[in-house]
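This report concerns the salt bridges of one structure. Please consult the sequence and the model shown below.

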Amino acid sequence: MIVGHLLKNGLTRPILITLLILIAAAVLVPVANLALPPSNPFHVSSFMVALTGKYLTYALLALALDLVWGFCGILSLGHGAFFALGGYAMGMYLMRQIGSRGVYGNPVLPDFMVFLNWKELPWYWYGFDQFWFAFVMIMLVPGLLAFVFGWFAFRSRVTGVYLSIITQAMTYALLLAFFRNDMGFGGNNGLTDFKDILGFSVQADGTRGALFAASALALALGVWLTAAITSSKFGKLMIAVRDAESRTRFLGYRPEMVKLFAFTLSAVMAGIAGALYVPQVGIINPGEFAPANSIEVVVWTAVGGRGTIIGPIVGALLVNAGKSWFTGVLPEFWLFALGGLFVAVTLFLPKGIVGTIAHGWKARRLLIKSREEQKAREISEEQAETEAAVEAAQ
Amino acid sequence: MTERRRNSILYLDGVSVAFDGFKAINNLSLVLDKGEMRAIIGPNGAGKTTMMDIVTGKTRPDEGEVYFDGMVDLTRHDEADIANMGIGRKFQKPTVFEGHTVEDNVALALAGSRGVFSTLFYRSTSAGEGRIREILDIIRLSHLRGETAANLSHGQKQWLEIGMLLAQDPKLLLVDEPVAGMTDAETEETARLLREIATDHSVIVVEHDMDFVRELGVKVTCLHEGSVLSEGSIDHVSADPKVVEVYLGR
């Protein structure tokens with residue numbers, strides 16, 4: 001019941017509209033792909049379903065970053081690591097589903113292990129043949145890493161740019177570790193050649209549609225949860241920690257605990273995003289841990305508007321759509337465009353797209369209100385004048 | 001001496017702290033009785049703010065004893081613990097949560113559980129709402145309850161911070177330069193407010209403004225170079241030749 005109260009609390013009109021759009025997309029896009037013939041103008045190609053499905057997982061990752069950066073002031077430059085860990089957990093499940101259909105036909109060992117002459121499955125691969133186990137690990141592994149990392153960093157009062165640097169170091173360290181063949185995660189090739197998910201072929205249009213719908217619904221759930229949390233008293237406390245951390249201590253709060261909760265929850269969200277990303281793109285490799293990836297997430301969030309819930313989603317969708325278009329037209333210049341975009345947003349739109357629109361909207365409403373008040377005052381003054389004139393005439 | 005400690009709300013004995021060899025506090029001893037209001041004066045660098053940092057757990061003393069309420073050794077606790085035990089602090093530079101409304105600022109300070117999950121599932125109560133209204137009335141900000149704190153004037157921020165102190169309902173209030181940057185009328189109003197608060201709280205006020213200290217009409221301690229230079233009524237202290245030399249004469 002208390003959870004119900006919390007969830008009901010966050011449902012403002014913009015959030016409700018966002019949820020409805022996402023749920024509608026979850027239904028309509030797969031239907032438009034599967035039920036309509038390619039000649040129909042409303043047909044969505046399988047390519048577009050996979051591409052937009054991927055964008056939705058990016059949007060969930062950006063939302064996760066926004067929860068810690070926009071609302072709690074923790075600029076994580078390593079959120080890609082949690083995304084990649086969730087992705088690897090899903091990848092391990094998908095590898096185990098291949099079974100004896102691999103190139104070497106080993107029923108237990110994935111191809112790369114056979115290739116490396118491994119005789120048995122490493123202990124940390126146990127259980128990943130079960131979906132429920134992989135599902136738990138998708139949330140547990142990123143969450144646990146974030147909890148341990150945050151526990152030490154926040155308790156030692158590491159803040160600001162120092163924290164950003166160590167989050168960056170964390171993802172870089174994981175990048176190097178996952179590149180190594182003897183880690184048992186496929187080295188620089190990563191995990192790929194997936195066949196089935198829950199018994200359905202990952203290549204089939206129906207599965208792709210279902211994965212798209214799952215991504216849209218996961219994003220909707222993320223939006224709802226973030227809205228509920230940020231509108232609770234805890235959300236106000238997060239903003240207080242962001243704006244004046246030491247002041248909250250003197251009110252008796254423990255900002256390190258506030259940050260730890262937000263950081264861990266955010267890592268779990270990022271892990272789920274990564275897990276939905278992997279079956280849609282068909283591969284996970286150590287490149288996902290690259291520091292540049294994490295920085296790109298920061299750019300999406302900044303462009304859309306940090307500290308808003310819809311902003312990071314808009315930012316992730318727009319920037320990635322731009323990236324897909326740009327890399328098609330002028331592939332060499334994409335990184336310059338991305339860098340330029342970040343500089344431009346920082347200089348001209350510090351609140352981001354959604355933040356600026358929301359601000360303008362609020363200012364407009366205030367203006368209209370003050371004009372109405374002015375008019376009401378003028379009318380009442382006029383009335384008073386005419387009344388006085390009437391009295392004088394009498 | 002232990003008898004003296006037991007009856008005190010705040011007890012500092014032989015406290016010293018040095019930063020890079022500079023003794024900010026040097027063998028400072030100070031006792032505040034329960035329910036007492038005390039004004040602390042002293043030139044810049046006398047150690048007034050450092051003393052508050054020590055009491056609120058921000059700075060650990062190198063040596064000396066710091067006791068709260070006669071029993072609690074404050075050197076063993078951190079800021080959040082000390083705040084929850086009942087020591088509230090208003091900073092020299094008014095520090096409110098600029099992004100929040102006036103009402104939310106007071107609501108965050110309001111006494112209650114401080115844990116992650118209790119704030120996550122917190123539901124406002126009518127008693128809490130009533131208390132917030134009461135405090136907003138006391139600090140004369142009722143008409144601005146929905147205003148973002150960033151839009152308040154300097155004096156209003158000072159008042160809001162005093163309101164947040166009240167909402168915490170501490171046993172001991174440490175108030176650092178409450179009237180800095182205020183108009184005369186606001187200063188007078190603040191003195192009235194502090195006297196009112198002092199009727200059922202122990203208060204330490206750090207202030208430069210001698211007229212304001214005189215208006216408070218309480219015992220005064222003058223600090224200089226990290227220790228007590230003179231103590232007594234405002235007339236006694238301001239007539240003390242040592243005080244005149246280091247502070248008032250300049």
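The sections that follow describe selected salt bridges and the exposure of their residues.

## Basis of the report

This is a predicted model, in which local features need pLDDT of at least 70 and side-chain atom pairs count only at pLDDT 80 or more, while totals for chains, interfaces and linings use all residues. Residues are numbered from 1 along each chain as its sequence is written, chains are lettered from A and ligands numbered from 1 in the order in which they are written, and side-chain values use heavy atoms, with hydrogens and water left out.

A salt bridge is a side-chain nitrogen of Lys or Arg within 4 Å of a carboxyl oxygen of Asp or Glu. Over all chains, 29 salt bridges are counted by this rule.

One of them pairs Arg180(A) with Asp182(A), at 3.2 Å from N to O. Asp182(A) is exposed, at 52% relative accessibility, and Arg180(A) is partly exposed, at 46%. Here buried means under 20% relative accessible area, exposed over 50%, and partly exposed in between (1.4 Å probe, protein chains only).

## Helical pairs in chain B

Helices are DSSP runs (H or I, at least four residues), numbered from the N terminus. In helix 6 (residues 126–138) of chain B, Arg131(B) and Glu134(B) are three residues apart, about one helical turn. Their side chains form a salt bridge of 2.8 Å, N to O. Glu134(B) is partly exposed at 44%, as is Arg131(B) at 27%.

Helix 8 (residues 184–198) of chain B holds Arg192(B) and Glu196(B), four residues apart. The closest N and O atoms of their salt bridge are 2.9 Å apart. Arg192(B) is partly exposed at 28%, and Glu196(B) is partly exposed at 39%.

Notes:
Helix = DSSP H or I, 4+ residues; strand = E, 2+ residues; numbered from the N terminus.
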